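Here is a short briefing on one protein model. Look over the sequence and the fold, then read the points below.

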Amino acid sequence: MNHFKGRHFQKDIILVAVGYYFRFSLSYRDIVELLRDWGITVHHYGPIFKALWRWHQTAHAKSWRIDETYIRVKGRWAYLYRAIDSNGLTMDFELRKHRDYTAPYHFLKRLLTTNGWPDRLVTDQYRATLKAVKHLIKQYYLSKSAHQCSKYRNNLIEQDHRFIKRHRVRSASFQSIRTASATLSGVEIVHAIRKRTRRELSLIGFSVVDELEALLAA
């Protein structure tokens, strides 16, 4: 499938612009300035890479960490729900407008449906999250003995939030949920691929353009 068909610029040029934006803490203005001589404009390719990344996901450890972090969207807080395994590898993520019961419920349900039962699912003690977990246990998506509330065990995902938060420090806020979701999809995917590459101790080193090329070709 040619995701770049009909685009004004060549695929390689688009991947450089998009890859740099997703990898580094750069604003759109920074990207335009860096690539001004090529006349590049950045398009939201994040959802494309998210779909491809999900399609080619590999097995994860059976101990999971679930948490949400705050993202500013048009002057208001939105909530980025994230899941990683005990190795720190990204499993899934989803941006939601509200931090209510339905947000963690739908996020966890998709995670459990896709990955099966974990041996351990660690969450915080937020009331809406606990309600969602209890409902999923009643529906036999999760074993009651697998769920744990542990601030110490959740430090792993708290630390992992920092990359996403640091990446957005150059932007006061997004202007819409759609834009935020599209951009964060790309940021999360690049972060996820980089973590896996580092864990596999690649001797070549990490290249965001090469990794996105490989994802498109897979």
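The largest pocket holds about 320 Å³ of space. Of the 15 residues that line this pocket, W53, H56, I193, R196 and L215 are the closest to its centre. Keep in mind that this is a predicted model. The points below start with the pocket, then turn to the cavity, the strands and the aromatic rings.

**The largest pocket**

- Two helices stand out here: α7 and α8 (208-217) each supply at least two residues of the lining of the largest pocket.
- Helix α7 gives the most to this lining, with 4 residues.
- By class, the lining of the largest pocket divides into 7 nonpolar, 5 polar and 3 charged residues.

**The largest cavity**

- The model has 1 cavity of 30 Å³ or more.
- The largest cavity has a volume of about 40 Å³.
- Which elements give two or more residues to the lining of the largest cavity? They are strand β3 (90-96) and helix α7 (177-199).
- The residues that line the largest cavity are K50, L80, F93, E94, L95, S181, L184 and S185.
- Sorted by class, this lining has 4 nonpolar, 2 polar and 2 charged residues.

- Strand β1 (residues 63-73) and strand β2 run antiparallel, and 10 bridges join them.
- β1 and β2 form a hairpin with 2 residues between them. In that turn, K74 has a positive phi of about 50°.
- Strand β2 also pairs with β3, again in the antiparallel sense, over 6 bridges.
- Across that pairing, I84 stands opposite T90 in β3.
- How many residues lie between the strands in the hairpin of β2 and β3? There are 4 residues, and G88 in this hairpin takes a positive phi near 85°.
- Is strand β2 mostly covered or mostly exposed? Strand β2 is mostly covered, with 8 of its 10 residues buried.

**Aromatic rings**

- The model has 5 aromatic pairs.
- One of them joins Y70 and Y79, with 5.3 Å centre to centre and 65° between the planes.
- Why is the pair of Y70 and Y79 called edge-to-face? The angle between the planes is 65°, and planes over 60 degrees apart count as edge-to-face.
- The two partners differ in cover. Y70 has a relative accessible area of 36%, so Y70 is partly exposed. Y79 is at 14% relative accessibility, so Y79 counts as buried. The cut-off for buried is under 20%.
- Y70 and Y79 belong to one aromatic cluster together with W77.

**Charges over rings**

- R72 lies over the face of W77, at 4.6 Å from the ring centre. W77 is also in the cluster with Y70 and Y79.
- The charged end of K131 sits over the ring of Y101, 4.8 Å from its centre.

Methods:
Residues numbered from 1 in each chain as written. Predicted model: local features only at pLDDT ≥ 70, side-chain atom pairs only at ≥ 80, totals over all residues. Heavy atoms only, no water. 1 Å grid on protein atoms, 1.4 Å probe; cavity = no way out; pocket = protein on both sides within 12 Å on 5 of 7 lines; lining within 4 Å. Points joined across faces, edges and corners; volume = space filled by probe spheres on them. Nonpolar A, V, L, I, M, F, W, Y, C, P; charged D, E, K, R; others polar. Buried < 20%, exposed > 50% of the residue type's maximum accessible area, 1.4 Å probe, protein only. Pairing = 2+ DSSP bridges. Phe/Tyr/Trp six-rings, centres within 6.5 Å; stacked < 30°, edge-to-face > 60°. Lys NZ or Arg CZ within 6 Å of the ring centre and 35° of its normal.
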